[in-house]
Amino acid sequence: LHGPQVQGFINLLPNSLAVIGGLPPEELYQMIKESGIGESLPILAMMSPNQLQYSFDLEWWQRDRFVPECALEWLELLDKCENSSILGWLQGEDFDQKVVLFQSLIKVYKDDEMTNSYEGVEGMPHLTIDGVYDIYFKTEEHGAPKRLLTLLRSADPTLYTSILEAVIWYPVTQTIEKAYRWRLIRTAERGIPDFE
């Protein structure tokens with residue numbers, strides 16, 4: 001079976017979650033690519049954090065460049081899935097990749113002596129969850145990142161604070177380079193050579 005046929009078959013199974021969990025991330029990724037990511041929401045909803053990470057490693061980077069538009073597209077689709085593993089992915093390893101993701105989507109300020117400049121945020125959609133951090137969204141489509149941040153604040157306040165502090169303080173270029181090196185390590189373990 002291929003693509004949509006596999007998905008249809010899996011969706012009929014009473015133990016579909018266990019079946020998805022047992023599939024290699026490469027097979028899931030190919031199934032999603034064959035069927036189309038928009039048609040694969042039931043599969044996305046059942047993917048584990050490690051399976052999501054594999055897809056993110058292939059989809060969010062073009063050569064050595066992080067592509068925020070692709071990341072946002074995946075976040076929006078996962079936002080439509082009930083009980084997706086995106087929170088588990090956020091709580092997993094590779095902190096730098098999470099920082100790169102959010103640095104590409106938001107600006108963060110807080111009202112203290114060092115971070116209260118609030119420059120260049122005029123007209124940007126705004127969110128404050130805890131009264132400490134002011135989050136400004138760089139994209140017009142910001143519903144999925146907003147809900148993800150709200151979920152993270154509710155489920156893991158310490159990680160939420162760590163990510164927002166990192167968005168403020170981590171140097172963008174160095175953080176991207178570090179995240180890219182970790183991405184190369186993960187993809188090399190799966191037998192995927194870097195573009196050079």
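Author: Two strands count as paired if DSSP finds at least two bridges between them. Keep that in mind as we read this predicted model.

Reader: Which residue in β5 is the bridge partner of His126?

Author: The partner of His126 is Tyr136. β4 and β5 (residues 133-137) are joined by two bridges, and they run antiparallel. That count meets the cut-off of at least two.

Reader: In what order do the strands of the open sheet stand?

Author: The order is β3-β5-β4. Three strands make up this sheet, with antiparallel pairing.

Reader: Now salt bridges. How many does a search of the whole structure find?

Author: The search finds eight. One of them is between Arg190 and Glu26, whose closest N and O atoms are 3.2 Å apart. A salt bridge needs such atoms within 4 Å. Arg190 lies in the segment after α11, while Glu26 lies in helix α3 (residues 25-35), so the pair ties together parts 164 residues apart in sequence.

Reader: How much space lies in the largest pocket, and which residues are closest to its centre?

Author: The largest pocket holds about 450 Å³ of space. Its lining has 18 residues, and Asn50, Gln53, Asp57, Glu93 and Arg186 are closest to the centre. α5 (49-59), α7 (86-90) and α11 (172-189) each supply at least two residues of this lining. By type, the lining has six nonpolar, five polar and seven charged residues.

Definitions and conventions
Residues numbered from 1 in each chain as written. Predicted model: local features only at pLDDT ≥ 70, side-chain atom pairs only at ≥ 80, totals over all residues. Heavy atoms only, no water. 1 Å grid on protein atoms, 1.4 Å probe; cavity = no way out; pocket = protein on both sides within 12 Å on 5 of 7 lines; lining within 4 Å. Points joined across faces, edges and corners; volume = space filled by probe spheres on them. Helix = DSSP H or I, 4+ residues; strand = E, 2+ residues; numbered from the N terminus. Nonpolar A, V, L, I, M, F, W, Y, C, P; charged D, E, K, R; others polar. Salt bridge = Lys/Arg side-chain N within 4 Å of Asp/Glu carboxyl O.
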